[in-house]
Amino acid sequence: MSPAWWAHAQKHRGTPVVVKMDNPNWSISEISSPAMTSSPTSSPTWNPKMRGRNARQLTWVLLLKANRAAGCLSSVAAAVRRRVESGKTDSDESTQERVGRTRFMGFIRVVMWLAVVLLVFETAAYLRGVGVRGVFDWVYVNWVWVRVGFLAPPLQWLANGCIVLFLVQSLDRLVLCLGCFWIRLRKIKPVAKVGFGDLEGGDSGGYFPMVLVQIPMCNEREVYQQSIGAVCNLDWPKERLLIQVLDDSDDPTTQMLIKEEVHTWQSEGANIIYRHRVDRHGYKAGNLKSAMSCNYVKDYEFVAIFDADFQPSPDFLKQTVDNEEVGLVQARWSFVNKDENLLTRLQYINLSFHFEVEQQVNGIFINFFGFNGTAGVWRIKALEESGGWLERTTVEDMDIAVRAHLKGWKFVYLNDVECQCELPESYEAYRKQQHRWHSGPMQLFRLCLPDVIKAKIGFWKKANMIFLFFLLRKLILPFYSFTLFCIILPMTMFIPEAQLPAWVVCYIPAAMSLLNILPAPRSFPFIVPYLLFENTMSVTKFNAMISGLFQLGSAYEWVVTKKSGRSSEGDLVSLPDKEPLHQRGFSEPTIGQNRPKNKKKKKHNRIYMKELSLAFLLLTAAARSLLSAQGIHFYFLLFQGISFLLVGLDLIGEQVN
């Protein structure tokens, strides 16, 4: 039954409130009346008694909103409980994945429970005060003595060491940014030395070398059509171009679809062949090595490589095939789904810095950078002299680049030539990708270090490859990022004698994040989530780095990054700026008929125990920091803990099928 004042209030012109009661939550819509635009005292029907009634209405509205908030929180809690009960956890992985990770998880759990015990102990000491006599005071005094004499010095020493590494890595990043600024200031734009004719204008007297195009793929039915279609539309004489579709799929349906797509393009006049391996030995490296062993490969001078989700523009080869003695020409990646969700936006920031700054600066100043595995054109002679593709690591692209550089081959990076591709949209896919990208370089470092030392190249090139390319950017970065911000910082809350200055916790990371985000200025609103997410990913990167360095766990496991096929058939057709030639035109029947239907599958969240454990550790340390009133440290620990919590519950990115 409605209160009496409610019915009485309807006689006056106030602020009507419509309440729609949807079980289990309250839904409130506030409707503004014309009287709200003027002062209450200026209204002809205003009465001083309305002040109390409006206050009661406001109280009622606030109570309803509080009820709605409680309902939302209960719904979130229920959803989290269901995900914990029915969702997969990172402990559901295969036996091979669990080997070597148990100790790492055990270490995190020990630190977490130690933090909980210390928080309870410090809270009890804070509430009781040290001046009270008794056993508790004796225990606390001895704990302080142990803390000051035995725990704080090694922790401070480790913190200082990580701070030094942090500063060195920050200086390296600053130098890279200055190099990029110099390139822009001087307008340095390397281009491939080409001399091709115009096919459409009838000028075919130019130099068109024999080019082999390879598309390695494995069970990627979501994207195979768009990559094959884009490659078949390359503006290059068909008699001087051969396309190899290298299929490692073990799904018979996917094999059939890819084979039919190849046959369709063959009927259109494209020079394309289909190759399938029964055994996936060596993964992508083994696939490429098998394709290069064909007898007809000796007739070709260049090989262009595109992963299954890459779509080169029609003039890609004309911009990247180099007449001079250049071993590799690498193009930049662009992303069709960079604005799909928060995860893809954060990845875009990272990869924009990688291509715009790292690859461009290294390519211009030292003619060496890591091959990105796709969207690049190799001179086949450089591949053969470097030993070809090897299956010894999961980063075969970096492996061949290092060996080619040691043989004296030069690399060219073209920042203005872009090739479209996809970013992983689920955290599970991104996590697997990052594990492979950070364990592989450590495997390679162990294997190629003797070759680098013995190589007949200059001292500075050796120093750059060992200390900058491998140690600083592949080993030190994940080591200090995880150790400093995920272990040492929360421990200093319980051992306050060891301290981290505010500029280490806040100012320097903020400055480095600002430098990272400069190549993607539109992503500036995401600078804080980017900083927190990078620290969150340091757990995966540190674990991968240790696994690759000491050959632990799944260091040699290759997991194909899940694709979503965001580029539609319309995007594919609109790729060329001009009408394609008939023999390389798009197959309209194929696009409409053979694309597999996207069946709706039930999606679920995974539960990542390492991230959740670290979230608990950081939030516990944030609670402890309140006792010592450390402002910046508290806010950093609080937001970083929330970031770990969101990632641990798989609430960032798309859910996995």
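Reply: Angles under 35 degrees count as roughly parallel, over 145 as roughly antiparallel, 65 to 115 as roughly perpendicular and the rest as oblique. Axes are lines fitted to C-alpha atoms, for helices over the stretch in contact, and angles run from 0 to 180 degrees between N-to-C directions. The model is predicted: local features need pLDDT of at least 70 and side-chain atom pairs pLDDT 80 or more, while totals for chains, interfaces and linings use all residues. Residues are numbered from 1 along each chain as its sequence is written, and side-chain values use heavy atoms, without hydrogens and water.

Me: At what angle do helix α19 and helix α20 pack?

Reply: Two packed helices are described by the angle between their axes and the distance between the axes. Here α19 (residues 609-627) and α20 (residues 631-648) pack at about 160°, with axes 8 Å apart. They are therefore roughly antiparallel. Helices are DSSP runs (H or I, at least four residues), numbered from the N terminus.

Me: Is Arg436 buried or exposed?

Reply: Buried means under 20% relative accessible area, exposed over 50%, partly exposed in between (1.4 Å probe, protein chains only). Arg436 has 11%, so it is buried. Its place is in helix α13 (residues 427-454).

Me: Which residues does Arg436 touch?

Reply: Contact means heavy atoms within 4.5 Å. Not counting residues up to four places away in sequence, Arg436 touches Thr394, Val395, Pro441, Trp558, Val559 and Thr561.

Me: Where is Thr393?

Reply: Thr393 lies in the loop between α11 (380-385) and α12 (396-406). Thr393 is buried, at 6% relative accessible area.

How values were computed:
Helix = DSSP H or I, 4+ residues; strand = E, 2+ residues; numbered from the N terminus.
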